[in-house]
Amino acid sequence: MSIFFRCLSGPLLPCFASVALAVLTLGIPARAQEVSVWGSDAFGQISQAPRRTAYTAIAAGSSQGYALRTDGSIAAWGWDSDSQVSNTPTGTGFLAIAGGYGHAYAIRADGSIAAWGDNSYGVVSNTPAGTDFVALASSWQFTLALRTNGSIEAWGWNYAGSVLDAPTETGFTAIAAGQRHGYALRADGSIVAWGYDAQGQVSNTPSGTGFLAIAAGRDHGLALRADGSIAAWGDDTDGQVSNVPSGTGFTAIAANGENGYALRADGSIAAWGNDAFGQVSGAPSGGGNVAIAAGLVHGYALRSSGSLAAWGSDQDDQVSDTPAADSRFTAIASGYEFGCAVREDGSIAAWGDDSFGVVSNRPAGTDFVSVAAGFAHAYALRSDGSIAAWGANFYGEVSQAPTGVFFEVAAVGSMGLAIRFDSTIAAWGDDTFLQVSGAPTGPGFSAVAVSYLNAYALRSDGSIAAWGDDPLGILPTVPADTGFTAIAAGLYVGLALRPDGSIAVWGADAYGQISTAPTGTGFVAIAADEAHCFALHGDGSIVAWGADFHGQVSQAPTGSDFVAISAGPLHGCALRADGSVLNWGSLNTSLGKPDVVALAAGFDHAFALRSDGSISAWGNDSSGQVSNAPSGIGFTAIASGGEHGYALRADGSIAAWGLNAGGAVSSTPTGTGFLAVAAGDYFGCAIAADGSIAAWGEDVFNQVSGVPAGTGFTAIDAGYAHGCALRADGSIATWGDDSAGQVSNVPAGTGFTAVAASADSCYALRPDGSIAAWGGDAAGQVSGTPTGTGFTAICAGDSHAYALRANGTIAAWGDDSLGQVSTVPNGCFDAIAAGAAFGVALPRRAADSNSWVIPGCPGGYHAFGGPVMFVTNSQNSADVTISGWNLAGTPLCGLLIGQSTTPIPLSLIGSTVPNSALCVNPWVTIPCTGPGNLGVFVLPVDHSPDLCGQTFDLQWIDYAGTGMDFGTSAAMRLTVGF
């Protein structure tokens, strides 16, 4: 025991165990994407679609973790002794990841390998060249890589032949690495083993074929059979072999030092072996997991939502620092009357006063990592270390921004400071008070902070350098201590953070910025501007003190969910753990998480409108329809033509960009008050504030000059060269090109609720949800229109169309030459849009945090109403499995299910409830088999009527001694989706 404990008293050492981790399966679905896209991808209109921040693969090192994001970038956290975290490569497009003891690898899009971290035995420097690698496995000090031809490369320490004895044949399909031994899986499912064999980890490898997967622990091995059962062999000191779970139905395996994990078909995890750090008992219960990874004494799981679960030892924060999957903004900065933030996709949002273009001219791109804001200018640091500058340029604060590679940038007033990678300082802009020319020379600096008159820099020993103007004698009061970890500068105050989280304050005290500063320890971040200060405590709360003329102190938010703070001259800004931004004081524009709320699509590109009013664009950019999409927030609607776009601002003015053929962009009307906008191929149209129609651009078919007169129009859409609009009484007006009867054959009558136009046809939605269609029918885009009622939205591409049913599913018809019809995704959606030959849809979201959409509805929103149940959907049937377990301190006995709408019959199988109608009013009780045991029930669903989107109310029954207590548990809601 004493030897074991010593091994774990510092960073985890190899005397305890090695880590054996193959790269995770490629192609794990990114189920938390913001939009679903299908059809033609000729210009990236599918592959470049914006996604919610989610993870698609995970890997674990000895005491660190790695996760692959949907854009192919890598998140890393945990033990960083050899820069195995901090040197993780930036950029996107990585396909796979693997972690070793103190090093890691990633496979690039071109098939080459990136390696970083501890280079003992050449595990990094000897990484093989080439662009044909598809998988990796790494252990303590040796690594395996699999090429496309199935051959194996091995490098690192050759203990017991772990490197040189690797098989030389081709045709292998998988690899695994233990501490000193390796495994390879042939195409026929047989296993080859080599290396150290003291515990039979090589000689006892099972013979035969048909194995599907392999995994290696320190001195043991696992293999997955075709029937889903698990074989185990080798060292059994902690039951890692004898305690392997029996039965079939397992789909994936992972092994670490003395442990094993297996994933069941329902997404639940089995764990066994050594449990000294909770690496077994801490494994998450319930289902919904799609991948597993094993570290030295910790584990990770990837959930179907794209989020990560972590458990086991947290000695190096490899568990607690596991990143969240749904945070939206990652960095913030405050200027005079504006703010800016970095989204998790690396793009920049800006808001507030735009007098100098600091909001509208913010740089495009998705490679930014941090921001800094001055009086009327801002800087953003890219992942390659370069600086983007924009806004006011009074003293060269923008034009003089330096080139090179930097790791920190700061801004205030009309100047900027940055630290180069060689730890020297760059200063530029306003030098009125020598705040530029007085900057210290030489290397050794790690952080900078600047006020309007003076500046500070933190040296590598934690001491502070100060320079600039000093009318109030502030600079001599800068503390001479060493060991400070962060600095902040206001106009009349300076702050520094000590290692214990206490704050040193100096400067003037006219507004209590010194005398009312918080005492105590545990603070993790500081910010200051002019004469007010903020500090972020480790518990997530904010303390504010100093001048309060604009509420920058008294309005500071309460709560304990903040992760970053920033100070403007008259306001404050904070970033919450959920990725939303809160401002207070003189600037109170706050941003929620920018989820997609509307879609539009053109020939080969698409637009998405986010909830913060910003626009994302992707796909073909031949005419600037993507790169020239307007920046900023506050947009309320979007529309897309063939190669151009329109966006409606909050004041009703129209932004236009892209191809200007026929004046479709340059002729866009000025002014405000427009209510709706639509885009044709080379023209645009909009509904003015009085309900009249304005049109502009190409007029070959009178699509501009022929707009109907009058007011009272409420909706509008445009095809190739024709338009259609809806009047307040629900009647339809059409104009422009009539070559296929799209104008002359318009249906009569009133009461229509929506219109849509394709290249040469039109569609309208009746009050009962049925669809009227007319015009060109060369590809069945009219004759193929679905019958029936209950449709809620329609949209049209070139020669195909989509309609959204009330249950959220999509009907598609017309041209399918590029899969724009046949590849429509299953599931429930909230919004749809059609490009020329592709479609875009927004997956359905739950209405409130107490709702749960079953994962069988792709893209569904998953939200626990409480940690007492898990709901999943069989991938191959319409069955819904509801399983429950005991919540600590609250034994659960049963479940009440009641339908909140019209009763729909459901049959219950495998329980004591008779096979009869379930969910009849008002409630039906599923009994328990004993205290704390709910059991598992499967509810096959009758699809007539369709249940997608139907809502049910659920309530747990508490077990109270000899009876059941129906009054102490809160109801929760389940929204069914398939």
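Start with the open sheet of three strands, ordered β21-β22-β23 and paired antiparallel. Strands here are DSSP runs of E of at least two residues, numbered from the N terminus, and two of them pair if DSSP finds at least two bridges between them. Select 289-294 for β21 and 308-312 for β23: these are the edge strands, each pairing on one side only. On average, neighbouring strands of this sheet are turned by 20° against each other, direction ignored; axes are lines fitted to C-alpha atoms, and angles run from 0 to 180 degrees between N-to-C directions.

The model is predicted, with local features needing pLDDT of at least 70 and side-chain atom pairs counting only at pLDDT 80 or more, while totals for chains, interfaces and linings use all residues. Residues are numbered from 1 along each chain as its sequence is written, and side-chain values use heavy atoms, without hydrogens and water.

Next, select residues 298-303, strand β22, which pairs with β23 in the antiparallel sense over five bridges. Show Tyr 300 to find its bridge partner in β23, Ala 310.

Move on to β27, residues 368-373, joined to β28 by five bridges and running antiparallel to it. The two strands form a hairpin with three residues between them. Phe 368 has Arg 382 of β28 as its bridge partner.

Finish at β29, residues 387-391, which pairs antiparallel with β28 over five bridges. Ala 378 has Trp 390 in β29 as its bridge partner. Between the strands of this hairpin lie four residues, and Gly 385 takes a positive phi near 90°.
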